[in-house]
Amino acid sequence: TYDGYYPRQKYIGASWTADLSSLTCDSLGGVSPVLRFEAMYEFDHVFKDSWETMRYESDFLRTGLGIDWKAKIPFLNSKSYINIMPQLFYDKIMDYPDDFELFYSPYDDFWSASLVLYTGYFNQKLQPELAMFYDITHDAYMILPSITYNPNVTWSFKLMAGFFGGDKEGLGLQPFENKDYIGFKIKYKFN
């Protein structure tokens with residue numbers, strides 16, 4: 001038997017978006033990148049210690065900065081745009097406890113970054129995608145490549161993989177180092 005604990009979440013957040021038209025490049029398709037910033041401040045966020053026996057409450061700040069950009073790169077795809085979406089994240093535990101190590105991390109602030117790239121070939125029937133996440137604080141990574149083939153509106157075939165790793169024992173994504181995978185998905189849509 002396990003006891004569940006679901007704390008009340010109290011937070012305030014904001015997002016800001018701007019079109020970076022000054023960075024528009026005609027040779028790359030003429031689409032300007034979009035800059036996004038999001039922040040959330042959570043009051044009395046509940047953390048657990050490394051042994052999951054004690055709870056600790058502290059305010060918690062989460063932020064993210066990202067760019068969404070569609071670019072034409074002729075030698076990679078001459079007929080369709082390539083979507084490029086890098087992001088940088090920063091999280092901070094405002095009052096990290098001195099008396100024990102939190103399950104979340106032995107650090108009070110966290111840096112991470114992600115990158116997603118995708119495009120379409122043959123009138124969007126073939127769609128390769130690459131998603132990558134790097135945990136800067138814990139020196140760990142996750143790489144998720146995939147390719148989807150949609151021959152028509154009824155069938156969809158997807159080949160995907162996941163690769164994980166890290167240098168700091170037991171932290172970030174390092175515990176998933178032996179969980180690399182390759183998968184295949186078939187979808188059929190009934191009319």
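This is a walk through one protein chain, from its overall build to single residues.

The model is predicted: local features need pLDDT of at least 70, side-chain atom pairs count only at pLDDT 80 or more, and totals for chains, interfaces and linings use all residues. Residues are numbered from 1 along each chain as its sequence is written, and side-chain values use heavy atoms, with hydrogens and water left out.

Start with the fold elements. The protein chain has nine strands and zero helices. Read from the N terminus, the order is β-β-β-β-β-β-β-β-β. The radius of gyration is 21 Å, well over the 16 Å that the globule rule gives for 191 residues, so the chain is more spread out than a compact globule. That radius is taken over C-alpha atoms, and the globule rule is 2.2 Å times the number of residues to the power 0.38. Along its principal axes, the C-alpha trace spans about 60 × 45 × 40 Å. Strands here are DSSP runs of E with at least two residues, and helices are runs of H or I with at least four; both are numbered from the N terminus.

Of the 191 residues in the protein chain, 28% are buried. Buried means under 20% relative accessible area, exposed means over 50%, and partly exposed lies in between (1.4 Å probe, protein chains only). Take the contacts in the chain with a separation of 6 or more: 49% of them are between residues 24 or more positions apart. A contact means heavy atoms within 4.5 Å. The accessible surface comes to about 12,900 Å², and carbon and sulfur atoms own 58% of this area. Areas come from the Shrake-Rupley method with a 1.4 Å probe; for residues, only the protein chains shown count as cover.

Now look inside, at Ser58. This residue sits in strand β3, which covers residues 55-71. Ser58 is buried, at 3% relative accessible area. Its side chain reaches the backbone nitrogen of Asp95 at 3.0 Å. The cut-off for such a polar contact is a pair of N or O atoms within 3.5 Å; within protein, one must be able to donate a hydrogen and the other to accept it, and residues adjacent in sequence count only if both atoms are side-chain atoms. Leaving aside residues up to four places away in sequence, Ser58 touches Glu42, Asp44, His45, Phe47, Ile93, Met94 and Asp95.

One of those neighbours, Asp44, leads on to the charged pairs. The structure holds three salt bridges. Each is a side-chain nitrogen of Lys or Arg within 4 Å of a carboxyl oxygen of Asp or Glu. Asp44 pairs with Lys10, and their closest N and O atoms are 3.2 Å apart. Lys10 is in strand β1 (residues 10-19) and Asp44 in strand β2 (residues 34-48), so this bridge ties together parts 34 residues apart in sequence. Both partners are partly exposed: Lys10 at 38%, Asp44 at 33%. Asp44 also has a positive phi, near 55°, in a residue other than glycine.

Arg36 and Asp68 form another bridge, at 2.9 Å from N to O. This pair links distant parts of the chain: Arg36 in strand β2 and Asp68 in strand β3, 32 residues apart. Asp68 is partly exposed, at 24% relative accessible area.

Then come Asp108 and Lys92, whose side chains meet at 3.1 Å, N to O. Asp108 is partly exposed at 30%. Lys92 is partly exposed too, at 21%.

A positive phi also turns up at Asp139, at about 50°, although this residue is not a glycine. Asp139 lies in the loop between β6 (126-135) and β7 (140-149). Asp139 is partly exposed, with a relative accessible area of 25%.

Finish on the surface. Trp16, Phe37, Leu65, Leu88, Trp111, Tyr134, Ile136, Tyr141 and Phe163 form a nonpolar patch there, with about 820 Å² of accessible area together. Patch members have over 30% relative accessible area and no salt bridge; like charges are joined within 9 Å, and nonpolar side chains (Val, Leu, Ile, Met, Phe, Trp, Tyr) within 5 Å. Among them, Phe163 belongs to strand β8 (residues 155-166). Phe163 is partly exposed, at 33% relative accessibility.
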